[in-house]
Amino acid sequence: TGSEKQGAAAYYVSTPIYYVNDAPHLGHAYTTVAGDVLTRWHRQRGEKVWYLTGTDEHGQKIMRTAEANNVTPQAWCDKLVEEAWKPLWEHLNIANDDFIRTTEKRHTDRVQEFVQDLYDKGEIYKGGYEGPYCVGCEEYKLPGDLIDGEGEFAGQKLCPIHKKPVELLKEENYFFKLSEYGPKLLEFYAANPGFIQPESARNEVVNFVEQGLQDLSISRSTFDWGVPVPWDDKHVIYVWVDALLNYATAVGYGANQEKFDGTFPANVHLIGKDILRFHSVIWPAMLMAQGLPLPGKVVANGWLMVGGEKMSKSNLTGIKPQDLTSHFGVDAYRWYFLRAIAYGSDGSFSWEDFSARYTSELANDYGNLASRVAAMVGKYFGGALPEATAAGDAERAVQEGLAKAVATADRKIGEELDFQSGILAVFEFVKQVNGYITEQEPWKVAKDTSPEGQARLATVLYTAAESLRGVAVLLNPVMPETSQKLWESLGAEESLGALADQKVQDAGAWGVLPAGATVTKGAVLFPRLEEKPA
Ligand code: ME8
């Protein structure tokens with residue numbers, strides 16, 4: 001991966017900053033939840049973490065939306081940010097450390113300085129450009145990338161992502177000498193094979209750069225909703241240059257050197273595959289031009305699809321994140337998309353699939369295990385966790401199962417961003433513990449009132465409860481409210497302290513939960529689903 005950060009540095013993860021032309025949808029929430037799980041995972045390891053999200057507020061797309069709504073672009077952005085974007089992240093329990101808006105002065109001042117600096121270094125020149133532009137992408141397209149329109153768009157060339165006609169733009173612009181960075185970028189990709197993930201994304205970018213890069217138009221003069229070019233205020237800075245710089249300005253670039261040095265560059269830029277080139281070609285080239293360190297990796301998620309199409313603001317199909325959380329709960333929502341779709345691949349959402357997985361994996365496997373164990377400790381031991389004095393091979397297998405789940409989940413989620421495999425490893429362990437209880441039949445053992453019988457019963461219930469202690473820690477980054485409920489029901493809050501302070505590294509240790517802990521039945525973790533809303 002990219003540059004190595006020094007000891008006290010934060011593990012820095014970013015989401016794209018989203019366009020505020022409309023409210024957030026499932027696709028945006030997908031990337032943001034993934035970032036939240038990743039950063040919570042690293043916090044659970046005891047690391048210092050910086051999780052950044054925010055909004056991209058300049059450019060023609062936002063300007064036109066504001067015009068269509070008869071408000072100023074700034075008023076439009078303020079409203080959307082406060083009424084739609086921030087509330088959704090709060091609702092989904094997103095623990096971001098900062099929220100950057102590109103209309104903030106802390107951002108715009110630094111963007112101007114950055115661009116002025118490049119200009120002074122001779123990295124920017126004035127030139128003319130004519131070509132097809134997609135306002136949806138806020139990007140000039142190469143003619144070869146366009147597709148032929150049909151039906152209402154017959155005879156027109158369309159953007160392959162937005163399926164809308166492109167506009168022919170002709171402008172005098174300032175250009176960044178991007179074409180000069182091709183060889184350096186290729187060298188960097190070769191030296192850092194993990195820089196772009198997944199592999200398919202990496203190959204796509206390498207092929208693209210190998211074909212030769214064009215210089216990048218970095219200013220626009222046909223509208224004014226943007227950051228003025230400092231040496232020529234008839235131009236505004238191209239929205240993508242403005243936007244990419246958020247990753248630097250938000251952590252103190254040009255303003256707070258100490259914070260900047262301890263945070264920048266990002267360890268992981270999470271993005272959707274639609275904005276791969278911006279993050280793996282333009283952004284690193286901009287940093288190279290300034291002699292700044294490059295990010296650790298750029299990880300592209302696939303598209304959430306509905307009816308075979310990428311879910312987008314214009315193709316919402318009527319399902320809002322809130323429709324799903326009110327039905328399944330916030331934790332199940334956070335879990336579902338990472339569990340059901342291999343990160344990096346496209347995936348489709350369906351109510352049927354979500355309902356089926358909720359019932360079998362969350363309610364039956366996980367929820368029932370937690371409630372059965374608490375109920376039996378209550379029934380047979382008055383709620384005081386008994387001591388395990390008669391452990392044998394069956395118990396050792398469970399202990400090993402937990403250690404293995406910890407190691408696998410830590411590697412898969414914390415390092416490889418393979419959320420699906422990491423979550424599955426924990427749920428495999430949940431299954432193992434369920435199987436262990438079914439085999440041990442504690443309800444039968446309970447009938448044996450001999451000291452040996454009671455010791456076996458105690459051992460089985462301790463083993464199950466101690467397993468759940470590990471599960472609560474491992475699933476805390478994914479389903480924090482559920483883990484907290486379980487943690488309290490195991491009496492762990494009282495005996496071991498806050499769940500947030502339990503380290504992933506120690507989660508696989510055995511015998512952590514002390515005998516005597518007060519186990520209570522607690523709230524049902526995953527209530528039975530109501531009828532699906534019409
Ligand atoms: O591109 N499936 O903002 P944006 C999965 N402002 N992820 C999806 C998705 C889908 N169907 N739809 C959107 C921009 N996303 C720029 C970014 S960053 C310096 C500037 C997610 O509002 C995915 O992460 O169009 C994608 O990259 C992002 O939302 C695009 O959001």
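Is Cys137 buried, exposed or partly exposed, and how many C-beta neighbours does Cys137 have inside 10 Å? I opened the notebook with that one, keeping in mind that this is a predicted model.

**Entry, Cys137.** I counted 19 C-beta neighbours inside 10 Å, so Cys137 goes down as partly exposed, because buried takes 20 or more. I found Cys137 in the loop that links strand 4 (124-134) and strand 5 (139-140). Skipping residues up to four places away in sequence, I get Cys159, Ile161 and His162 as what Cys137 touches.

**Entry, Cys159.** I went to Cys159 next, which sits in the loop between strand 7 (157-158) and strand 8 (167-176). Here I have 21 C-beta neighbours inside 10 Å, so Cys159 counts as buried. With neighbours within four places in sequence left out, I list Cys134, Gly136, Cys137, Lys141, Leu146, Lys164 and Val166 as the contacts of Cys159.

**Entry, the annotation.** I checked the UniProt record: the unreviewed entry puts a "binding site" feature at Cys134, Cys137, Cys159 and His162. I noted that these positions spread over 29 residues of sequence yet cluster in space, with a largest C-alpha distance of 8.5 Å.

I then traced an open sheet of 6 strands, paired in parallel and ordered 3-2-1-14-15-9. For the edges I wrote down strand 3 (98-101) and strand 9 (196-197), each of which pairs on one side only.

Technical notes: Residues are numbered from 1 along each chain as its sequence is written. This is a predicted model: local features need pLDDT of at least 70, side-chain atom pairs count only at pLDDT 80 or more; totals for chains, interfaces and linings use all residues. Two strands pair if DSSP finds at least two bridges between them. Helices (H or I, at least four residues) and strands (E, at least two) are DSSP runs, numbered from the N terminus. UniProt positions are given in the numbering used here, feature names are shortened, and annotations may be inferred rather than shown by experiment. A residue is buried if 20 or more other C-beta atoms lie within 10 Å of its own, exposed if 12 or fewer, and partly exposed in between; C-beta atoms are placed from the backbone. Two residues are in contact if their C-beta atoms, placed from the backbone, lie within 7 Å.
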